[in-house]
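Visitor: I have a structure open and I'd like to learn how to read it feature by feature. Could you walk me through it?

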Amino acid sequence: MSESRTGRRRFLAAGATALGSVAVGQLAGAAPAGAVPPRVRAARPVAARPAEPTVPDGAFSLGVASGDPLPDGVVLWTRLAPEPLTGGGMPDQAATVSWQIAEDAGFRRIVRQGTARAEPSLGHSVHVDVRGLRPHRDHWYRFRVGNQLSPVGRTRTAPPAHAEGGRLRLALASCQNWQHGWFTPYADMAGQDVDAVLFVGDYIYESGPSATAVRRHEGTGEPYSLVQYRNRYAQYRTDPDLARMHAEAPWIVTFDDHEVDNDFAGDIPQDPDRQPHDAFVARLTAAYQAFYEHMPVRATAVPSGPHIRVHRRLDFGRLARLQVLDTRQYRSDQATNQEGAGSPLLTMLGAEQKRWLLDGLRRSPARWNLIGSQIMMAETDLLVGDGKQWFYDAWDGYQVERNALLDEFAAFRNPVVLSGDRHLTMISDLRRDFADPGSRVVGAEFVSTSISANGDQDQAAFRAEWDPRRADNPHWKLLDAHRGYHLFDIDRRGVEARVRIVDTVRQPTATASTLATLRVENGRPGVELA
């Protein structure tokens, strides 16, 4: 977004004023000239502030982002990385970054501004938790380091806590694999004027580079160290459509498995015979820190070694409450057979997170209770005919806990689960007991297809594989294998969902269209084609 010379000069001057005000403040309370202090004390030496490093050109190569909107605030993000694919290219010193947020695109009505330190220990990332903003309105923001200005980003605060009506437009996305294609669905999403993007996992893929890929992963293999994970995130951030979408609206993000290691569970890797426990804990530590460094999340998500808190809730007035889950960090190791999947000892959420989720649902003042789950909650019976066959990494592998949650859903107002992981659009009724097709419907689930994972899928082959399973999964309402995302318009009467797809991810541009429109009505659990 362009800006005038006057706007640029004003930003540079404002940054200098903000820095200068610190020095002025240090003089407050000084004794008048000529006054004799009652007691002479030895002066404490004042440590000189280190000189600001010279930041190479291209500091804002990874763009800007915002996230986790509140009625009065939002998180602003950037990372200084003039050489993004080789560790960042910054000097091993902290740099002062100025920031501004305004109520107009020309920055004539600046409402908050300040400075932040980009520390080398956090990859020179910047997270500014801005408060004191007005609710439910657009804001524009930017950063400066030295004489370099960042791109301008737009964000939007949430409605006031007691707002009853209005509309929430939410985009649901997941599973963006660099090697499988360009992130073309975001070009369409950027034109939809969304209030927020919910991203439910697989922001990066940890696989090594492939010679046959549409776009090749950086590096020479899978990431294990912090620098390797930083480079992988940085590569993904250079996708032009992803960068644009981050600058268009606030994001609400969580991670799934590929941000660390395929199908990991807690501190157990997919292949424990090849990744010893201590080595995998070190990998978790690196992966979680890199996740924090590249996401617009609050300081509550600063990792502590191999632990990070990402489950949280956000309210959009009294219209919608969104509870974002962590289905990786606290889960038991996956079952390997049907008997194991039915064990009451297995947990997906862990006891504390499960209590937190249910408490948030019970106390919710909202008309719609949205749950962001990385993996599919509804049943997927893969076996045609008699018997059952499941994906044990999904909620089907944790059936006792899943069924107990669905039983609780019957008492809550309008539960709607928003999921990813499957690389397919799978939209379902949530039933109290999937073993009984006639059991009560207690909610709806939208599993969004991938942004690019699985690439341009063979539609005929997909239909040949999946259509025979429809009879064994009568709760499925829509099944499709195009790439894209879901777009929701939510008001007090209902949720309207549009399945937006693109015709290709093998090229940097694509044509988007609406595959289908579905609707959930207030007070009527389940979903129907509109």
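Guide: Happy to. Keep in mind that this is a predicted model. Let's begin with the largest pocket, which holds about 270 Å³ of space.

Visitor: Which residues lie nearest the centre of the largest pocket?

Guide: Those are D263, D393, D421, R422 and H423, out of 16 residues that line the pocket. Sorted by class, the lining has six charged, five polar and five nonpolar residues.

Visitor: Is H423 buried or exposed?

Guide: H423 counts as buried, because its relative accessibility is 14% and the cut-off for buried is under 20%.

Visitor: Where else does a positive phi turn up?

Guide: Look at D193, another non-glycine, with a positive phi of about 50°. D193 sits in the loop between α2 and β10. With a relative accessible area of 34%, D193 is partly exposed.

Visitor: And where is D195?

Guide: D195 is in the loop between α2 (185-189) and β10 (196-199). At 8% relative accessibility, D195 counts as buried.

Visitor: Let's move to helices. How do I check the length of one?

Guide: Count residues, then compare the expected span with the distance between the end C-alpha atoms. Take helix α7 (residues 351-362): at 1.5 Å a residue, its 12 residues should span 16 Å, and the end C-alpha atoms are 16 Å apart, so the two agree. Helix α5 (residues 277-294) can be checked in this way too: it has 18 residues and reaches 26 Å from its first C-alpha to its last, close to the 26 Å expected.

Visitor: How do I read which way a helix faces?

Guide: Here's the general idea: an α-helix has 3.6 residues a turn, so residues three or four places apart point the same way. Now go to α7, where Q353, W356, L357, L358, G360 and L361 are buried.

Visitor: What covers the buried residues of α7?

Guide: The cover includes β12 (312-316), β13 (320-324), β14 (368-373) and α8 (399-409).

Visitor: How do I compare sequence separation with distance in space?

Guide: Pick two residues and look at both numbers. N177 and A453 are 276 residues apart in sequence, and their C-alpha atoms are 4.8 Å apart in space. For V74 and L418, 344 residues apart along the chain, the C-alpha atoms are separated by 22 Å. P159 and L382 are 223 residues apart along the chain, with their C-alpha atoms separated by 42 Å.

Visitor: What surrounds N177?

Guide: N177 is in the loop between β9 (168-173) and α2. N177 is buried, with a relative accessible area of 4%. Not counting residues up to four places away in sequence, N177 touches F183, Y205, H217, Y236, S452 and A453.

Visitor: And P159: which loop holds it?

Guide: The loop between β8 (153-156) and β9. P159 counts as buried at 15% relative accessibility. Leaving aside neighbours within four places in sequence, P159 is in contact with P71, P135, H136, F316 and G317.

Conventions
Residues numbered from 1 in each chain as written. Predicted model: local features only at pLDDT ≥ 70, side-chain atom pairs only at ≥ 80, totals over all residues. Heavy atoms only, no water. 1 Å grid on protein atoms, 1.4 Å probe; cavity = no way out; pocket = protein on both sides within 12 Å on 5 of 7 lines; lining within 4 Å. Points joined across faces, edges and corners; volume = space filled by probe spheres on them. Nonpolar A, V, L, I, M, F, W, Y, C, P; charged D, E, K, R; others polar. Helix = DSSP H or I, 4+ residues; strand = E, 2+ residues; numbered from the N terminus. Expected span 1.5 Å × (residues − 1). Buried < 20%, exposed > 50% of the residue type's maximum accessible area, 1.4 Å probe, protein only. Contact = heavy atoms within 4.5 Å.
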